[in-house]
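Here is a short report on one protein chain. Look over the sequence and the fold, then read on.

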Amino acid sequence: IICTEQRKKQILKARPRRLIVIHNSPQIPKNIDKLPRVSPRNTKKKRIVYVGILQDDRLLLEIAETIKHNSTFELHIGGFGKYEKYFNELSNKYKNIYFYGAMNYADVIKLESECDILFATYNPSISNHKYSAPNKLYEAMALGKPIIVCKNTGIDSFVKENNLGAVINYDAEEFIIKAKELSDKDYSYSKILFNKEYSWEAMSEKLKEL
């Protein structure tokens with residue numbers, strides 16, 4: 001069992017008798033609309049969100065440095081790791097940056113549903129990133145939100161082929177340019193695609209067939 005079609009290249013020398021792709025699809029809470037609000041209300045800014053491990057090679061610091069003086073966007077960050085203190089201090093200093101710390105999964109999905117753009121911008125020079133399969137991709141689809149990813153990180157071809165957002169170089173300035181382009185587009189069709197082919201319900205049926 002592998003989690004993306006791209007990983008067939010990763011195990012090219014293997015000769016499995018049977019090979020099946022089970023996507024890294026999370027179970028999305030069905031009562032999202034009834035969950036308590038996570039982010040502040042009443043903003044005209046476009047909201048960009050990332051919840052995950054706060055470490056190097058994810059373009060996190062570069063994006064934060066670019067957004068903190070930008071009047072168009074808010075950056076909503078959740079998670080834990082190396083840069084918890086950095087983002088906490090940034091959120092105390094700048095009105096358009098919000099830090100939530102470690103979050104339970106229902107709150108993660110709720111926060112993402114309240115925002116406009118998700119991102120999973122991994123550094124393609126890291127070998128493991130060439131076969132990435134982040135939950136964020138499937139969460140974006142399930143919520144009908146666009147996602148920004150980097151070239152040569154495993155999911156870029158999937159995002160491009162299915163028009164799920166934007167594919168960029170590992171560059172914060174290009175990130176902002178694409179975010180401006182994406183912010184007013186309708187991505188509700190990605191929710192239909194997710195429910196039909198990539199939801200955990202669909203994946204569980206494939207597992208049952210094994």
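What percentage of the 210 residues of the chain count as buried? The figure is 50%, where buried means under 20% relative accessible area, exposed over 50%, and partly exposed in between (1.4 Å probe, protein chains only). This is a predicted model: local features need pLDDT of at least 70, side-chain atom pairs count only at pLDDT 80 or more, and totals for chains, interfaces and linings use all residues. Residues are numbered from 1 along each chain as its sequence is written, and side-chain values use heavy atoms, with hydrogens and water left out.

## Overall form

The chain has nine helices and six strands. These are DSSP runs numbered from the N terminus (helices: H or I, at least four residues; strands: E, at least two). The radius of gyration is 17 Å, close to the 17 Å that the globule rule gives for 210 residues, so the chain is as compact as a globular protein of that length. That radius is taken over C-alpha atoms, and the rule is 2.2 Å times the number of residues to the power 0.38. The C-alpha trace spans about 55 × 40 × 30 Å along its principal axes.

The accessible surface comes to about 11,300 Å², by the Shrake-Rupley method with a 1.4 Å probe; for residues, only the protein chains shown count as cover. Carbon and sulfur atoms hold 47% of that surface. Contact means heavy atoms within 4.5 Å. Among contacts with a separation of 6 or more, 66% join residues 24 or more positions apart.

In soluble globular proteins, nonpolar side chains tend to be buried together. A nonpolar core is a set of buried Ala, Val, Leu, Ile, Met, Phe, Trp, Tyr and Cys residues joined through side-chain atoms within 4.5 Å. The largest one here has 29 residues. Ile48, Leu75, Phe87, Phe119 and Ile148 touch the most other members. Helix H7 (residues 172–182) gives the largest share of this core, five residues. A second, separate core has 22 residues, including Tyr122, Leu137, Ile155 and Leu164.

Leaving aside neighbours within four places in sequence, Leu75 is in contact with Ile48, Ile63, Ala64, Ile67, Asn96, Ile97, Tyr98 and Phe119.

## Aromatic pairs

The structure holds six aromatic pairs. Rings of Phe, Tyr and Trp (its six-membered ring) pair if their centres lie within 6.5 Å; planes under 30 degrees apart count as stacked, over 60 as edge-to-face and the rest as tilted. Two of the pairs are set out here.

| Pair | Centre to centre | Angle between planes | Class |
|---|---|---|---|
| Phe119 and Phe175 | 5.2 Å | 80° | edge-to-face |
| Phe158 and Tyr198 | 5.2 Å | 85° | edge-to-face |

Why does the pair of Phe119 and Phe175 tie together parts that are 56 residues apart in sequence? Phe119 lies in strand E4 (residues 117–120), whereas Phe175 lies in helix H7. Phe119 is buried at 1% relative accessible area, and Phe175 is buried at 0%.

Phe158 lies in helix H6 (residues 156–161) and Tyr198 in helix H8 (residues 189–198), so their pair ties together parts that are 40 residues apart in sequence. Phe158 is buried at 12% relative accessibility. Tyr198 is buried at 11%.

## Covered helices

Helix H5 (residues 135–143) is mostly covered, with eight of its nine residues buried. Among them are Leu137, Tyr138 and Met141, along with Lys136 and Glu139. The cover includes strand E1 (46–54), helix H4 (105–114), E4, strand E5 (147–150), H6 and H8. Just after H5, Gly144 takes a positive phi of about 70°.

In helix H9 (residues 200–209), the buried residues are Ala202, Met203 and Ser204. They pack against H8.

## A buried serine

Ser39 is found in the loop between helix H1 (7–10) and E1. Is Ser39 buried or exposed? Ser39 is buried, at 4% relative accessible area. Its side chain makes a polar contact with the side chain of Glu114 (2.6 Å). A polar contact is a pair of N or O atoms within 3.5 Å; within protein, one must be able to donate a hydrogen and the other to accept it, and residues adjacent in sequence count only if both atoms are side-chain atoms. Beyond neighbours within four places in sequence, Ser39 is in contact with Arg47, His76, Tyr100, Leu111 and Glu114.
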